[in-house]
Structure formats: C-alpha cells, structure tokens
Amino acid sequence: MSSGKQGKIYALLDSRNAVLAQGRLENPPDAPDWQVRVPEDKISAVMEHEEIQLIPIDGDGDALLGRVRRNRNDMIILQKLQSLGSEMRQNLRMPTHFKSFIYPLSGGWKGRRQAEANDLSCGGVAFFCAQQLEDGETVELVVPITAEPLILKCQVLRRRPSDREDETLYAAKFVDLCDDEEAIVREAVFSVQVRNRTR
C-alpha cells in the first residue's frame, strides 16, 4: 500500500462505540502494528481499553480494529486485528443532540418545522419533529454543529420507537451528499463526542 495513506486522521472508539480521542495514523493501514499519535491528555483514556476501533475522519477508507499494546509518549501502538470495512464508517450512528429546522422539498406542507437531532451518521440522521412526516418525503435539514452550518437533503425512511408523547422520532438518510459534506459531518460528530467526554 502506498505511503499516501499515512497521516490519515481517525476517531478512536471503544467497544461500545464511545469516542475516546482523535489520532493520526503514522504508518500504513496494512502494517502489522499501527502507530497512532494521540493528544497526550487522551492517552490514559485510550490505554484503559483492550481493543480500539479506528474510524477515518478525513476522506475515505476502511474502519479498523486493533489491540492496544503499549504507548510511548503520545504514540499508541496497536496490533492490527482486522479491517471493519467502509460500511462501518457510513452506518455508525453517534448520539448528537442539536435543535434545528427542516424545510420541505416534497410533501404537502410549506414553511419550516422545528426538529431536534437524536443521532447522526455519515449516512443519515434521526430527529424528533412534532408534526407528521410521510415515509419517502424529502426535506432539507440545517446541521449547525459544523464549522459552517450545512443544509443537507434528507429522505424520511421510517418512524423509530420513542418515549416522547408529543414528538415523533424519524430516521432519514442523506441524499446527494458529496464527499466534502460527508467529511465535514463526520469530523463534527466525532469532535462533539470528544468534547462531551471531557466534561
């Protein structure tokens, strides 16, 4: 594998998909051991775990699974266990709460409606909305947690179980998401998770 893969930024997750830190992979993903540079204040959180998932933040690539071996200063050494594939990156849903608005692209309503995100992935979003939406209709969702707010096109897939009586939880997939938008969403979600962990 070419050295062009070196230096890729990954989110480091534990076995329960909780984000521990962001790190830079300093050698190729096909190496038997991975050297991951992590901020020094995150080292102890990573070293508490036996296995770590690495999810690429910048660009494409497979998610990886490694066993923690040791660390040297800000470098963590992981033994390569397996590639988890690119689907893991696409489908991994992270709890991410923010208030927003949706705007109709189809359906029989106009204006805007309030929405509250419940979780977010590179492939879609789950959000609460007090008004009824139909499966298959498309909306634009404002995502305010990125450096610059994004307006992303979504298609409502289905209702999901919820304990809220006055709002419905909808699952939606992103439509026509470009690579840059996907990377921005992914980085924002993982950054929020890392910040929340330090509180």
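1. Let me begin with a single residue. N118 is found in strand β9; helices (H or I, at least four residues) and strands (E, at least two) are DSSP runs, numbered from the N terminus. N118 is buried, with a relative accessible area of 19%. Here buried means under 20% relative accessible area, exposed over 50%, and partly exposed in between, using a 1.4 Å probe and protein chains only. Beyond residues up to four places away in sequence, N118 touches M94, P95, T96, H97, A126, F127, F128, R160 and L169, where contact means heavy atoms within 4.5 Å.

2. A word on the ground rules. This is a predicted model, in which local features need pLDDT of at least 70 and side-chain atom pairs count only at pLDDT 80 or more, while totals for chains, interfaces and linings use all residues. Residues are numbered from 1 along each chain as its sequence is written, and side-chain values use heavy atoms, with hydrogens and water left out.

3. Now the overall picture. The protein chain has three helices and 13 strands. Of its 199 residues, 47% are buried. Taking contacts between residues at least 6 apart in sequence, 55% join residues at least 24 apart. The accessible surface comes to about 10300 Å², and carbon and sulfur atoms hold 43% of that; the areas come from the Shrake-Rupley method with a 1.4 Å probe, and for residues only the protein chains shown count as cover.

4. Which residues touch the most other members of the largest nonpolar core? They are I102, L120, V125, F127, L133 and C154, out of 30 residues in that core. At least two core residues come from each of β1 (9-13), β9 (113-120), β10 (124-129), β11 (138-143), β12 (150-160), β13 (168-174) and α3 (179-198). β12 gives the largest share, four residues. A nonpolar core is a set of buried Ala, Val, Leu, Ile, Met, Phe, Trp, Tyr and Cys residues joined through side-chain atoms within 4.5 Å. In soluble globular proteins, nonpolar side chains tend to be buried together.

5. L133 deserves a look of its own. Setting aside neighbours within four places in sequence, L133 is in contact with I102, W109, R113, F127, V156, R159 and Y170. There is also a second, separate core of 16 residues, which includes W34, V36, V38 and L54.

6. On aromatic rings, the count comes to one pair. The rings of F127 and Y170 have centres 5.9 Å apart and planes at 35°, so the pair is tilted. For reference, rings of Phe, Tyr and Trp (its six-membered ring) pair if their centres lie within 6.5 Å; planes under 30 degrees apart count as stacked, over 60 as edge-to-face and the rest as tilted. The pair links distant parts of the chain, with F127 in strand β10 and Y170 in strand β13, 43 residues apart. Both F127 and Y170 are buried.

7. Two arginines sit over rings. R112 lies over the face of F101, at 3.8 Å from the ring centre, and R113 lies over the face of W109, at 3.9 Å from the ring centre. The rule asks for NZ of Lys or CZ of Arg within 6 Å of the ring centre and within 35 degrees of the ring normal.

8. What of the cysteines? C129 counts as buried at 0% relative accessibility, and C154 counts as buried at 1%. A search of the whole structure finds zero disulfides, a disulfide being a pair of cysteine sulfur atoms within 2.5 Å.

9. Is N73 buried or exposed? At 66% relative accessibility, N73 counts as exposed. N73 is found in the loop between β5 (63-72) and β6 (75-85), and its phi is near 55°, a positive value in a residue other than glycine.

10. R24 has its place in strand β2 (residues 19-25) and counts as partly exposed at 39% relative accessibility. R24 touches G7, K8, I9, Q35, V36 and R37, not counting residues up to four places away in sequence. Q53, in strand β4 (residues 51-56), is buried, with a relative accessible area of 8%.
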